Number of protein chains: 2
Amino acid sequence: MGRWAPGAQSRLIQAAMKLYSEHGYEQTTVAQIAEAAGVTERTFFRYFTDKREVLFGGSQALRDDMLAALESAPPGASPIEIVRASIERLCENFTEHAFSRRRQEIINANPLLQERELIKLTSYASDLVEALRERGVEKTTARFAAEMGIAAFRVAWERWLEENGKRPMRDVFRESFDQLRVVASDRRARRRHLQR
Amino acid sequence: MGRWAPGAQSRLIQAAMKLYSEHGYEQTTVAQIAEAAGVTERTFFRYFTDKREVLFGGSQALRDDMLAALESAPPGASPIEIVRASIERLCENFTEHAFSRRRQEIINANPLLQERELIKLTSYASDLVEALRERGVEKTTARFAAEMGIAAFRVAWERWLEENGKRPMRDVFRESFDQLRVVASDRRARRRHLQR
């Protein structure tokens, strides 16, 4: 499974995802996950604080990637371009379509997990705002840039999952981001105006 | 108080706002509101389904205004311009700064009211998307246009409340919306590019 090295952690994730899919997230216990993975509960807790973290444990690494890209953006880059580059870097982590899709199905089936997912995206936006502010970007500009980036990400994420992974997530995000900017820039209206 | 005609409903709103501010929203009962307004509880329930509706009862009228503006937009208008005009119309309702500010302070003090306020804004966005779709606007374009409009509204709302009402809410919204579009269009970067 690529990014998950073979071993206890990988087996725990596989087992948890299977149980969440088949019996529901709420109904699954840590004891069942550990048993299905052939390890003790204690081993489970060495890798995860609870059964929810199996689904959200990777988000810190994604955030770190995103912020590393932000920090390495050239000094003259505009806020919206910095946000685009940062989220593109984050998108490069989504290489396992089947895994992401299954995870999303589990989340869609549970309102508390949906809420957690929403909070995760909101916190990505806050992280972007804070990092832009540290680069000297004005407050509202930072907020708008981050919100637009996350709005484009959400649309891209849905598209990527629907598409069965025929394109890399990063390409789908670029497309979505470009569409958002066309909507914002109102090119159609300006063209009409110029033709008068 | 302008938009609230003198009478029971107006007195109930005044009484409720005073009690929510002084004793907290949670601690205030319908009986106390009715008593302070000099009416019976039964009269309270003729105007409001519960004590929360005193704070959110006006939102249907705002939504109706917004959607009426959307429907009367000229056929050739771009989605983002339609959204701007619709939210501008909505903004024209905010003429009582002191009332709005007090209401916001009550909401800020209570997480459940904050959640309700967030749901209200999300539902405005959904209404905009639906009405744009009915005009034949593509799904993602409609969504982006609505989300940008609401993002600009949120920023404008905070600014307007901070400013103590020195400018009409509509003007503050226009400014915020223009700023969002400057961020999206990346004018700075394009200008730099052209100077090379």
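Okay, let's start at one residue, Phe153(A): leaving out anything up to four places away in sequence, Phe153(A) touches Ile87(A), Leu90(A), Cys91(A), Phe94(A), Leu121(A), Met169(A) and Phe173(A). By contact I mean heavy atoms within 4.5 Å.

Before I go on, a word on what we're looking at. This is a predicted model, where local features need pLDDT of at least 70 and side-chain atom pairs count only at pLDDT 80 or more, while totals for chains, interfaces and linings use all residues. Residues are numbered from 1 along each chain as its sequence is written, chains are lettered from A and ligands numbered from 1 in the order in which they are written, and side-chain values use heavy atoms, with hydrogens and water left out.

Back to Phe153(A). The largest nonpolar core has 83 residues, and the ones touching the most other members are Met148(A), Phe153(A), Met148(B) and Phe153(B). A nonpolar core here is a set of buried Ala, Val, Leu, Ile, Met, Phe, Trp, Tyr and Cys residues joined through side-chain atoms within 4.5 Å. And buried means under 20% relative accessible area, with exposed over 50% and partly exposed in between, using a 1.4 Å probe and protein chains only.

Now the chain itself. Chain A has 11 helices and zero strands. Those come from DSSP runs, numbered from the N terminus: H or I of at least four residues for helices, E of at least two for strands. The C-alpha trace of chain A spans about 70 × 35 × 30 Å along its principal axes. Of the 196 residues in chain A, 50% are buried. If you take the contacts in chain A with a separation of 6 or more, 66% are between residues 24 or more positions apart. The accessible surface of chain A is about 10,100 Å², and 51% of that belongs to carbon and sulfur atoms. That area is from the Shrake-Rupley method with a 1.4 Å probe; for residues, only the protein chains shown count as cover.

So how do the two chains relate? Chain B can be laid on chain A by a turn of 180° and a shift of 0.0 Å along the axis, with an RMSD of 0.0 Å. The copies are thus related as by a two-fold rotation axis. Also, 100% of the contact residues of chain B recur in chain A, meaning the same surface serves both copies. The superposition is least squares on the C-alpha atoms of residues with pLDDT of at least 70 in both.

Next, the rings. How many aromatic pairs does the structure hold over all chains? There are 20. Tyr20(A) and Tyr25(A) make one that is edge-to-face, because their ring centres are 5.0 Å apart and their planes are at 70°. For the cut-offs: rings of Phe, Tyr and Trp (its six-membered ring) pair if their centres lie within 6.5 Å, and planes under 30 degrees apart count as stacked, over 60 as edge-to-face and the rest as tilted. Both tyrosines count as buried, Tyr20(A) at 3% relative accessibility and Tyr25(A) at 12%.

Over in chain B, Phe94(B) and Phe153(B) form a tilted pair, 6.2 Å centre to centre with 45° between the planes. That pair links distant parts of the chain, 59 residues apart: Phe94(B) is in the loop between α6 (79-91) and α7 (97-108), and Phe153(B) is in helix α9 (residues 139-162). Phe94(B) is buried at 14%, and so is Phe153(B) at 6%.

Back in chain A, ring pairs link Phe44(A), Phe45(A), Tyr47(A) and Phe48(A) into a cluster. We've got charges over rings too: Lys51(A) lies over the face of Tyr25(A), 4.6 Å from the ring centre, and the charged end of Arg116(A) sits over Phe56(A), 4.8 Å from its centre. The rule is NZ of Lys or CZ of Arg within 6 Å of the ring centre and within 35 degrees of the ring normal.

Ser176(B), in helix α10 (residues 169-185), is buried, with a relative accessible area of 0%. Beyond its neighbours within four places in sequence, Ser176(B) contacts Phe144(A) from the other chain, plus Ala152(B), Val155(B), Ala156(B) and Arg159(B). Arg159(B) is in helix α9 and is buried at 17%. Among the residues Arg159(B) touches are Thr140(A), Glu175(B) and Gln179(B).
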